[in-house]
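The following note was prepared at a colleague's request. It takes helix packing and charged side chains in turn.

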Amino acid sequence: MPEQIQRRKLYQEVLERLMNRIHQGEFPAGSQLPSERDLMEQYGVGRPAVREALQAMERSGFVEIAHGERARVVDPTAERLIAQIAAGAQHLLRTKPDMLQHLKEARVFLETSTARMAAARATPEQIERLRQAVTAHRASMVDLGEFIERDMAFHREIADISGNPIFPSIVESLFRWASEFYTPMVRAPGAEELTLAEHTRIVDAIAAGDGDAAAEAMRIHLVRANALYRRLGQQ
C-alpha cells in the first residue's frame, strides 16, 4: 500500500526551509538569519512556529541565539557535533553502569591508534610540546582539578598529532564524559606519579618513532588506570 502522508507541524516546515537555505549557502557560518518578524512574513506563519523552529535549530547546534539578537549560523566542527551529545552520554553512563566499561574499551582502542599515528607523524616541535605537557602536568600535582585537566590535555595533544580533527574531539569527549569516575582514581596514593611515569614512557616511544612501543605504552597506561578505579569502586 502507498505510504500515507504524515501531517507536519508548522514549525517543522519553517525548520526545513531554513535548513535548506543554510545548506544552499544563503546563510554561511557566522551570518545572521532574518529577524523573527521577517521570517513570519516570508513564510506566512505566526511567531510561535518561527520561535520553535529556531529553538530546534539551536538545540541541534546549527545556530546560536543571544538575547535580543537574531539567530547566528554556527561554524560546523567535529567538536561542536560531539558536544551536542555530551549530556546524553553522561546520563547514559550514570543510569547504565555497564556502559562505562564499553567507554573504557573504546578509549583504549582509539588512543592506542592515535599513539601509533603520533609515533609515525610527530614533528620535533610536536614532541617538544608533549614533553612540555608532561612537565606542566607534574607542576599541577598540588591542584587536583588542574591535574585532571592536564591529564586530558596530554591525551588530546597526542590525538591532535594525527592531523584528523575528529580524533582529539573524541578523545576529550570520552575523557570528560567519564570525568566523575576519574577523580577518585587520581586521589589514590601514588596514582599521580604512576600517571606521569606512564605518560613519559609514551612520549619517549613517540619520540623514538616506535609505533608499536607507543601503542603498547598507551595500552598499559589505560588498562592499568581502568583496573585501579575498578578496585576503588569496590571499596
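**Note on helix packing and salt bridges**

1. Helix H6 passes helix H9 in a left-handed crossing; a crossing has this hand if the near helix is turned anticlockwise from the far one by less than a right angle, and is right-handed if clockwise. The axes of H6 and H9 (residues 166–177) come within 11 Å and cross at roughly 145°. Axes here are lines fitted to C-alpha atoms, for helices over the stretch in contact, with angles running from 0 to 180 degrees between N-to-C directions. Helices are DSSP runs (H or I, at least four residues), numbered from the N terminus.

2. The model is predicted: local features need pLDDT of at least 70, side-chain atom pairs count only at pLDDT 80 or more, and totals for chains, interfaces and linings use all residues. Residues are numbered from 1 along each chain as its sequence is written, and side-chain values use heavy atoms, with hydrogens and water left out.

3. Which residues make the contact of H6 with H9? On the H6 side they are Leu103, Arg107, Leu110, Glu111, Thr114 and Met117, and on the H9 side Phe167, Ile170, Val171, Leu174, Phe175 and Trp177 (contact means heavy atoms within 4.5 Å). By class, nine are nonpolar, one is polar and two are charged. In this scheme Ala, Val, Leu, Ile, Met, Phe, Trp, Tyr, Cys and Pro count as nonpolar, Asp, Glu, Lys and Arg as charged, and the others, Gly among them, as polar.

4. Arg107 and Glu111 of this contact also pair with each other in a salt bridge, at 2.6 Å from N to O. A salt bridge is a side-chain nitrogen of Lys or Arg within 4 Å of a carboxyl oxygen of Asp or Glu. Because the two residues are four apart in H6 (residues 98–121), about one helical turn separates them. Both Glu111 and Arg107 are buried, where buried means under 20% relative accessible area, exposed over 50%, and partly exposed in between (1.4 Å probe, protein chains only).

5. Also in H6 is Glu105, which is partly exposed, with a relative accessible area of 47%. Glu105 and Asn226 lie 121 residues apart in sequence and 9.3 Å apart in space, C-alpha to C-alpha.

6. The axes of H8 (residues 144–160) and H11 come within 12 Å and cross at roughly 15°, which means that H8 is roughly parallel to H11 (an angle under 35 degrees). H8, too, passes H11 in a left-handed crossing. Phe147, Asp151, Phe154, His155 and Ile158 of H8 meet Glu192, Thr195, Leu196, His199, Ile202, Val203 and Ile206 of H11. Seven of these residues are nonpolar, three polar and two charged.

7. How many salt bridges are there? The count comes to 14. One of them joins Glu36 to Arg51, with the closest N and O atoms 2.9 Å apart; Glu36 is in H2 (residues 36–43) and Arg51 in H3 (residues 47–59), 15 residues apart. Glu36 is partly exposed at 23% relative accessibility, and Arg51 is partly exposed at 41%.

8. Arg138 and Glu193 form a salt bridge at 3.3 Å, N to O. This pair links distant parts of the chain, with Arg138 in H7 (residues 124–139) and Glu193 in H11 (residues 191–207), 55 residues apart. Arg138 is partly exposed at 41%, as is Glu193 at 39%. Elsewhere, Glu149, Arg156, Glu172 and Arg176 are linked in a network of salt bridges.

Methods. Angles under 35 degrees count as roughly parallel, over 145 as roughly antiparallel, 65 to 115 as roughly perpendicular and the rest as oblique.
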